[in-house]
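Here are my notes on this one, jotted down while paging through the model. Have it open next to you as you read.

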Amino acid sequence: MRGLTREPPLLLALLGVVALVLAFIVYPQVQVVIAPGSDGYAAFLQGGTWVTPLRNSLQVVALSTTTAVLLGFLYAYAMVYTDMRWKPFFRLVGILPLLSPPFVVAAAYILLFGPRGIVTYGIFGQTPIIFGLMGIWGVQTIAFFPFAYQLIADVLSRSDARMEQAARNLGAGPWQVFRTVTLPLSRPGLGAAILTTAIYILEDFGNPQLIGGVFTVLPTQAYSLISGFGDFTGAAAVSTILLALALALYLAKLRLDGGRSFVTISGRASSMPRPPVPPGLSWACFAGCLALSGLILMVYGALVVSAFTIAFPTNITFTTTNFQFVATGSNGDALRNTIVFGTVAAAVSAVLALFAGWLVQRGDWPGRRALDFLLIMPAAIPGIFFGIGYLTAFNQTWLDWVDRGWIIVLSMIFWNIPVGYQAAVAGLRQIDRSLDEAATSLGASKLRGFRDVLFPVLAGSLRVGFVTTFVRAVTTLSVVIFLFTPPTTVATIRIYQLVNDLNWGGATAFTVADISLAIAALLVFALLARGRLVLGMARG
Amino acid sequence: MTPQLDRRAFLKLIGVTTVVAACGGAATGPSAAPSVAASVAAKATGRINIYSALNESTNNELFAAFTKATGVGADVLPLAAAGELQTRIRAEKGNPKADIFIGGDSSFHDGLGKEGLLEPFMSANASAIATEAKDPSGNWTGWYFGVFGFVSNTDRLTKEVSGKKPKTWDDLLDPAWKQKLVMPDPVKTGGGYIFLATQVFRFGKDEDRAMDFMKKLHPNIAQYVGTAPQGIQLVSQGQFVGGPNWSHDILTEKAKNPGIDLTIPDLTGFEIGAVSIVKGTKNLPGGKALVDWILTKEAGELNVKLSNRVSVRKDVAPAPGAPTLDQVKLVTYDRAWAADNKERLIKKWQQAVGL
């Protein structure tokens, strides 16, 4: 862009972002990709053990993405368009599945819905087979719909009510408005939601590992090659296959949304309310959200009950020993590290993602497509390889002075950047360039236009980036498993250790403590953000 | 360095030498040459970094006892997953952070040793250990056995399989077990693969007979799970009736839920829990002190108490309910062969059962 040469600070900022991406996404990942060597790849590909997992992965991604996005859209629509009650409650419950540390939550599903599950067998006398494809599909739908919901709700809430009002005034019914106005205008958000959800499902390891049985997908294969057999070469090759798949998804998405315009926020102010939806629809949405929330709460309820009993479900004597255990030794440090790392990573990641989204979406400099892909790519890298890449790249003698906590935070920042980035790009595509131009023609630099004009409008995208990065950082096991040191242990590592120790009570108590702390932190952030936004508006 | 510091360090060294020499002498018994113990102990001081694949509940007490016995401090990185620790040590080879790698089957250690990432050390205390439980080149030393057993849910076993626990693995082919068993996936878990390889060794490396067994067993397996402890958990919950699994973990779960039981069918497989010193260690004497100590009777007994595993030392009694090595019939398990033929066997198994 011409602005680059005219605005040295902008050029510097761009170079800075490129340098960060090269140093913290590309460089560590290259370490993993080159590890097997050409012979290693040839041997592994010829071995053919990857074919079935590849097929399974594709199948799971297609099924789970469809249902997760559908559910996420319904949830988002209900939250943004209807005047149903209990919205704050649903908003909170909608975040819960994002807050599920691997292993424990999937185990709670088995406890409830397994062959001798409390619900399936205890109430209905059924012995369903939830292991395998069906189980993965169900659990992933619940686990990943919140991603889609967050991204879609952000886009829907930014859509212009005037267009919908106009359509209604012209005689269109609610369904027709939805189909011909709302849906098309939310396409960038939908595209971003589908792509992000699909890539995260592709990369999901925890759920298939616990509930998949023999149904192996690529991430579980990669993981088991390392965990069961120490076969790093094969595992790195599998990881590369995953990257290739992510690239394919990315290209498909590029084709999907072509070069159309989705602008719904222009320079002119809009204060029109959304057209009301029929009360029947509101109630239907309420019922749907209630059912979904009920299911989610049941799963977390099982965790809470497990945490307060000796050996749920065989011995349901009430006890607080599990929580006493959580309070002993260095467990408190692990919980503190979790929250501190998550907060720092989320704050940096969200702002960086928004800024990078602006650079890519608003710029016209060469190579922005490449940067675009590189910023989405981390979503497709299984966490263990992100961690191994960081360990290989940054465990250097000359870096020994750097506290390991910083490396962990950096890995969380860049591993989680895709959601915030996708949200920022989707948001920006709905904002008319005349808004930036108004600022620049009044003499503001582009950077200032970003800071003072776009940044406030994109608060929603920023929130999406912050919240998802925070919850993923708080719940990730796979990234930190290769990076943590005794003083930088986090809650998920402790939970993993307890699960392997067959200490179900301790593991669930730890999970409950972790989730509660994370929710408390999110509530504090929400309060702080509200104060901040009010201040910002007063200033503007 | 000031002369004063020098002197303090010197005095400390003298003190440690005296204390540890005394301990070493007592622990290794009169037969061990006192000069060896003293020369090792003379340098053992400071702290060591331990990458431990042992259970959570074992780590704390075990290494606290080590520090108490030797004066060497221990910083433990606990991760009950030997494969992850192995990968970590490999990824860190340019700038090693671990001094000791402990726990997990010897094959995880052996892989590192073959890549030259371990520091060979033959402890004087290892002399009494059977040759197959230690590396001839000294890269690793075995110090416990994990035996593969069978977990059953007593209530469901009585009602549905007429209470018959398997005496041999072949007993599991009984149609009464149809869709009632759960076992670790041979593809995803080290334990599951040990079970598969055990069958091959049980039939004297007659792979066709072994695969025939696995094929007939398949209809009785309701589920192959991705981690071994999950199998025990599911039987404990009553989701399934029984399954092959690690006997020490079964005993750990049984302490919490008496409704399950352990049996050890004949000709079963096992892991050799190993310890090794990582090449590039900054505290070699400290690492050697740990290997020496972990092979003592005292450490063996403590580990049995904490983890229910079986010591390599014949003079260490097993945990209550656990078998001694004389009581169980183990297969002749060819570890090197099992590692080299892994991919081939797994593929053969997948074809046999149609997965």
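1. Starting with α11(B): Gly286(B), Gly287(B), Ala289(B), Leu290(B), Val291(B), Asp292(B), Trp293(B) and Ile294(B) are buried there. Buried means under 20% relative accessible area, exposed is over 50%, and partly exposed is in between, with a 1.4 Å probe and protein chains only. That makes 8 of the 11 residues of this helix (residues 284-294), so the rest of the structure largely encloses it. At its N-terminal end sits a cap from Asn283(B), with a side-chain oxygen 2.9 Å from the backbone nitrogen of Gly286(B).

2. Some housekeeping. This is a predicted model, in which local features need pLDDT of at least 70 and side-chain atom pairs count only at pLDDT 80 or more, while totals for chains, interfaces and linings use all residues. Residues are numbered from 1 along each chain as its sequence is written, chains are lettered from A and ligands numbered from 1 in the order in which they are written, and side-chain values use heavy atoms, with hydrogens and water left out.

3. Chain B overall has 14 helices and 11 strands; these are DSSP runs numbered from the N terminus, helices being H or I with at least four residues and strands E with at least two. Of its 355 residues, 59% count as buried. Take the contacts (heavy atoms within 4.5 Å) between residues at least 6 apart in sequence: in chain B, 74% of them join residues at least 24 apart.

4. Now the packing. The largest nonpolar core has 298 residues, and Phe385(A), Phe470(A) and Ile102(B) touch the most other members. Such a core is a set of buried Ala, Val, Leu, Ile, Met, Phe, Trp, Tyr and Cys residues joined through side-chain atoms within 4.5 Å. Helix α16 (residues 331-362) of chain A gives the most to this core, with 15 residues. Domain 1 (3-145 + 271-311) and domain 2 (146-270 + 325-353) of chain B both contribute, so the core lies between them; the bounds come from an automatic or database domain assignment.

5. What does Ile102(B) touch, not counting residues up to four places away in sequence? Its partners include Leu290(B) and Ile294(B), along with Phe63(B), His109(B) and Trp143(B).

6. Arg472(A) is worth a look. It lies in helix α23 (residues 459-475) of chain A. The residue is buried yet has no salt bridge, and the nearest side chain of opposite charge, Glu203(A), is 4.3 Å away. The salt-bridge cut-off is a side-chain nitrogen of Lys or Arg within 4 Å of a carboxyl oxygen of Asp or Glu. Leaving aside neighbours within four places in sequence, Arg472(A) is in contact with Phe147(A), Tyr200(A), Glu203(A), Trp415(A) and Asn416(A).

7. Ser311(B) belongs to strand β11 (residues 310-311) of chain B. Its relative accessible area is 7%, so it is buried. The side chain of Ser311(B) reaches the backbone nitrogen of Arg313(B) at 2.9 Å. Beyond four places in sequence, Ser311(B) touches residues including Trp143(B), Tyr144(B) and Phe145(B).

8. Two backbone spots to check. Most residues other than glycine have a negative phi. Leu267(B), in the loop between β9 (260-263) and β10 (270-278) of chain B, has a positive phi near 55 degrees. Leu267(B) is partly exposed at 34% relative accessible area. Asn308(B), in the loop between α12 (297-307) and β11 of chain B, has a positive phi of about 65 degrees. With 17% relative accessibility, Asn308(B) counts as buried.

How values were computed:
Lys and Arg count as positive and Asp and Glu as negative; His and the chain ends are not counted. A polar contact is a pair of N or O atoms within 3.5 Å; within protein, one must be able to donate a hydrogen and the other to accept it, and residues adjacent in sequence count only if both atoms are side-chain atoms.
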